[in-house]
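Here is a friendly walk through one protein chain, meant to be read with the model open beside you. Please have a look at the sequence and the fold before reading on.

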Amino acid sequence: MFLISERKTTEDFHLIRKYCICGLWVYYFSIKTTYVHCDVYHYEYLLLKITTKEQYFIFTGFTSTQQSPNIDFTKVKLSRNADIKVKSATDRRWCIITDLVVLPGDLLLLADHNNQSVKLADPASGQLLDQLQLPGSPHGLCLLPRDRAAVTIPGKSTIQTISVTMKKLSLQNVINVNGECYGIDYVNNYFVVGFHNPAMLALIDKKGNIYKSITTDSINHTLFKEPNYICVATENTSKVIYVSDRGTSTITRLSEELQVLQSFTDPALQNLHGLASLGGGQLLVVNSSSSSTLSVLDVTTGQVTQLRGQEEDLNSICCVAVSHTLGTVYVDGWFGQYIRQYTTRQH
């Protein structure tokens, strides 16, 4: 379903809806449109941008958060590209990037915990485009519909929503929650949030109310200690939630209604941090047990495969993101001035 983000007249609205329902909307825009440009973006977005002779429209709708990959990541090697600068002239401290997400257009949104800011970076130029100061130190990031994002601020017990338009960042709403919020994603109009003290996973509405939460499994075993990273994926026709928990060294797979479907533990997966859905039943996981590594978890078999490559330099990382359009993996973490980016190739 498409949502109209800018109002038209009532007459035009009903005309657009009529053509959409009938499958003839292309005809309407062929008459009234100067040009049509369509981009299918990953990570929850399908943006159809249409410039008309009267007004500019943006139609936004959900597409699959889990794209079917052209690459089997268990058979991939990494090749390092030029780094992306994330330290700005106004930063007073070393950057600690706790999370990053790939935006439409393959820009990067970063949470800089140490400098209490969210940053927008361009991998193509290797430079920062914008920086937005926050009222506290951020941790988790996720994308929202209509060119927006959300970031958790654990020390303030808040979720801050952000506008990302025209390569500029701006503050939107502050959502107060009850507890230290860390990992975050978005599913079915709810935030999926991981909390500390007490440790739990919760579905939260836009006013900060808890719709549903979970702390233990069906036999009353504690599920979470530090649910710091969350990602939502689409498997078949359903959404599933993956939670990376450093305290339990477990990745938990849940339904969109927070029913536990599966748990993954492995000696190769210790001190877990960031994760990203790769599609095809694969997850990319940051393992920071001794020296940081990137591992591929095949959720259909439970097999764990470590990613390797020349000059991979995966030390001191805690977060990861993937551009499916570019076939690029981005990582960063503790005390760095640059995001590391890698192209993937089969071996």
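The report below goes from the whole chain to its sheets, its core and its cysteines.

**Ground rules**

This is a predicted model, in which local features need pLDDT of at least 70 and side-chain atom pairs count only at pLDDT 80 or more, while totals for chains, interfaces and linings use all residues. Residues are numbered from 1 along each chain as its sequence is written, and side-chain values use heavy atoms, with hydrogens and water left out.

**The whole chain**

The protein has two helices and 30 strands. Both kinds of element are DSSP runs numbered from the N terminus, with helices (H or I) of at least four residues and strands (E) of at least two. Of its 347 residues, 54% count as buried; buried means under 20% relative accessible area, exposed over 50%, and partly exposed in between, with a 1.4 Å probe and protein chains only. The protein exposes about 15,900 Å², and carbon and sulfur atoms supply 48% of that area. Those areas come from the Shrake-Rupley method with a 1.4 Å probe, and for residues only the protein chains shown count as cover. Among contacts with a separation of 6 or more, 46% are between residues 24 or more positions apart; contact means heavy atoms within 4.5 Å.

**An open sheet of four strands**

Four strands form an open antiparallel sheet in the order E15-E16-E17-E18. Strands E15 (180–187) and E18 (210–214) stand at the edges with a single partner strand each, so one side of each is left without a neighbour in the sheet. Neighbouring strands here are turned by 25° against each other on average, direction ignored; the axes behind such angles are lines fitted to C-alpha atoms, for helices over the stretch in contact, and angles run from 0 to 180 degrees between N-to-C directions. Within the sheet, E15 pairs with E16 (residues 190–196) over six bridges, and Cys181 stands opposite Phe195 in E16.

Two strands pair if DSSP finds at least two bridges between them.

| Strand pair | Sense | Bridges |
|---|---|---|
| E5 (residues 76–80) and E30 (residues 338–346) | antiparallel | five bridges |
| E6 (residues 84–85) and E30 | antiparallel | two bridges |
| E29 (residues 328–333) and E30 | antiparallel | four bridges |
| E8 and E9 | antiparallel | five bridges |
| E9 and E10 (residues 127–133) | antiparallel | six bridges |

Along E30, Gln346 stands opposite Val76, Ile339 opposite Ile84, and Arg340 opposite Val331.

Strand E9 (residues 117–122) is mostly covered, with six of its six residues buried. Ser117, Lys119 and Ala121 lie on one side and Val118, Leu120 and Asp122 on the other, and both faces are covered. Ser117 is the bridge partner of Asp112, and Val118 stands opposite Leu132 in E10. The hairpin of E8 and E9 has four residues between the strands, and there Gln116 takes a positive phi near 50°. The hairpin of E9 and E10 also has four residues between its strands, with a positive phi of about 75° at Gly126 in the turn.

**The core**

The largest nonpolar core has 28 residues, of which Leu100, Leu108, Leu110, Tyr242, Ile251, Leu283 and Ile339 touch the most other members. Such a core is a set of buried Ala, Val, Leu, Ile, Met, Phe, Trp, Tyr and Cys residues joined through side-chain atoms within 4.5 Å. Elements giving two or more residues to this core include E7 (97–102), E8 (108–112) and E28 (317–323). Beyond residues up to four places away in sequence, Leu108 touches residues including Ile84, Leu120, Tyr330 and Ile339.

Ala150 is found in strand E12 (residues 148–153) and is buried, with a relative accessible area of 0%. Leaving aside neighbours within four places in sequence, its contacts include Leu141, Ile159, Ile184 and Phe191.

**Cysteines**

How many disulfides are there? The count comes to zero, where a disulfide is a pair of cysteine sulfur atoms within 2.5 Å. The sulfur of Cys318 is 4.3 Å from the closest cysteine sulfur, in Cys319, too far for a bond. Cys318 is buried, with a relative accessible area of 0%, and Cys231 is buried at 7%.
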